[in-house]
Amino acid sequence: MSNFRLLLHVSHFLKCPYFLKDRERKKAMPELPEVETVRRSLAKAMEGKPISQVSVWRDDLRIPVPQDFSDSVKGLFVHRVGRRAKYLQIFLDKEKVILIHLGMSGKMLIDIDSNGSNKKLKHEHVTFLIGDRVAIRFVDPRRFGLIDLCTRDKLSSHPLLVHLGLEPLTEEFSDAYLKKAFKNKKICIKAALLNQHMVAGLGNIYACEALWYSCLSPRRNALTITGKRAERLAQSIKQVLTEAISRGGSTLRDHVSPDGEMGYFQNSFKVYGRAGAPCFSCNKPVQKMIQLGRSTFFCPNCQR
Ligand SMILES: [Zn+2]
């Protein structure tokens, strides 16, 4: 790690007044706001530039990197970097699209001055050289992430994308949509929110946060989310995601060179990672329970 990058890490930590316990941090996976933040930094580094070289160091990710991946994208220009749920989509010449998922521990490290050097980092599986200086390094210790190649016309029917629910930050995502998505679903609302077929891009952290904002118990049955409850929930989901993205954006501006450390904007969490600490609304202690093998943080007094 260069001194420059180390410096960026330190400045980030000094700014955060509140930290998640290490255990919670390690379990935290990239969710929609983190992926959107990565998308924005990739767009700055890649758009309008050619992929001059691709090195696949290891192809056995969650699904194997296509065999001819390097030859297929080498020399193509990047038109746009997009996102669908937690998938990054890099639109290239010849109607090709690279699909990337960060899985549980994936990062896209942007090395703005690699000088074309091919020196690989630990757990770096794929390296994209953009132009002649910028290297984008896909680093993923647990290898639950993936990189795939697709064409633009087949993107919406790609097996990983075809069943995704609505994007929460679109106009169509509303109380009416939630009511319809949760109809006849005899599962707890926390599980319904984590189901990517119903709500795309939401994960454990922001599901806990949105339930606290909407005063709904994570144990509540999803089919009871109608009327005012559905209105509150749709609005809270949009609010927590929008605020997290805007914090991510300001982090990037401060850092100038995004270093791939996503940070999770943890200084703003209302319940996540705060078991035993006073609820910001009623002062009673926030509680933690395990649902479907994941930690749920909630205020039993405020959330009904
Ligand atoms: Zn409370």
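Select Q53 and L129: Q53 stands opposite L129, which lies in β6. The model is predicted; local features need pLDDT of at least 70, side-chain atom pairs count only at pLDDT 80 or more, and totals for chains, interfaces and linings use all residues. Numbering starts from 1 along each chain as its sequence is written.

Strands here are DSSP runs of E with at least two residues, helices are runs of H or I with at least four residues, and both are numbered from the N terminus. Two strands pair if DSSP finds at least two bridges between them.

**The open sheet**

The order is β1-β6-β7-β5, an open sheet of 4 strands with antiparallel pairing. At the edges sit β1 (51-56) and β5 (107-111), each pairing on one side only. Neighbouring strands of this sheet are turned by 15° against each other on average, direction ignored. Axes are lines fitted to C-alpha atoms, for helices over the stretch in contact, and angles run from 0 to 180 degrees between N-to-C directions.

**Helix α3**

Now select residues 32-46. This is α3, which lies across β5, β6 and β7 (134-139) and runs at about 35° to β5. Contact means that two C-beta atoms, placed from the backbone, lie within 7 Å.

Check the helix length. The 15 residues of α3 should span 21 Å at 1.5 Å a residue, and its end C-alpha atoms are 20 Å apart, which agrees. The expected span is 1.5 Å times one less than the number of residues.

Is α3 mostly covered or mostly open? It is mostly covered, with 12 of its 15 residues buried. Buried means 20 or more other C-beta atoms within 10 Å of a residue's own; exposed means 12 or fewer, partly exposed is in between, and C-beta atoms are placed from the backbone. Among the buried residues of α3 are L32, V35, R39, L42 and M46. Step just past the helix to G48, which takes a positive phi of about 80°.

**Two hairpins**

Move to residues 78-84 and 87-92. These are β2 and β3, paired in the antiparallel sense over 6 bridges. They form a hairpin with 2 residues between them, and A85 in the turn has a positive phi of about 55°.

Which residue of β3 is the bridge partner of R80? Pick F91. Then cross to β4, where V97 is the bridge partner of F91.

Strand β4 covers residues 96-101 and runs antiparallel to β3, joined by 5 bridges. β3 and β4 form a hairpin with 3 residues between them. In that turn, K94 has a positive phi of about 55°.

**Helix α7**

Select residues 204-213. The buried residues include I205, Y206, L211, W212 and Y213. Just after α7, C215 takes a positive phi of about 60°.

**Zoom out**

Show the whole protein: 8 helices and 10 strands. Of its 304 residues, 36% are buried. Among contacts with a separation of 6 or more, 68% join residues 24 or more positions apart.

Finally, colour by pLDDT, the predictor's confidence in each residue from 0 to 100. The mean is 86, and 84% of residues reach 70 or more. Over residues 1-19 the pLDDT is below 50, and the stretch has 15 contacts in the model beyond near neighbours in sequence. Residues 251-262 stay under 50, with 24 contacts beyond four places in sequence. Where pLDDT is low, the predicted coordinates should not be read in detail.
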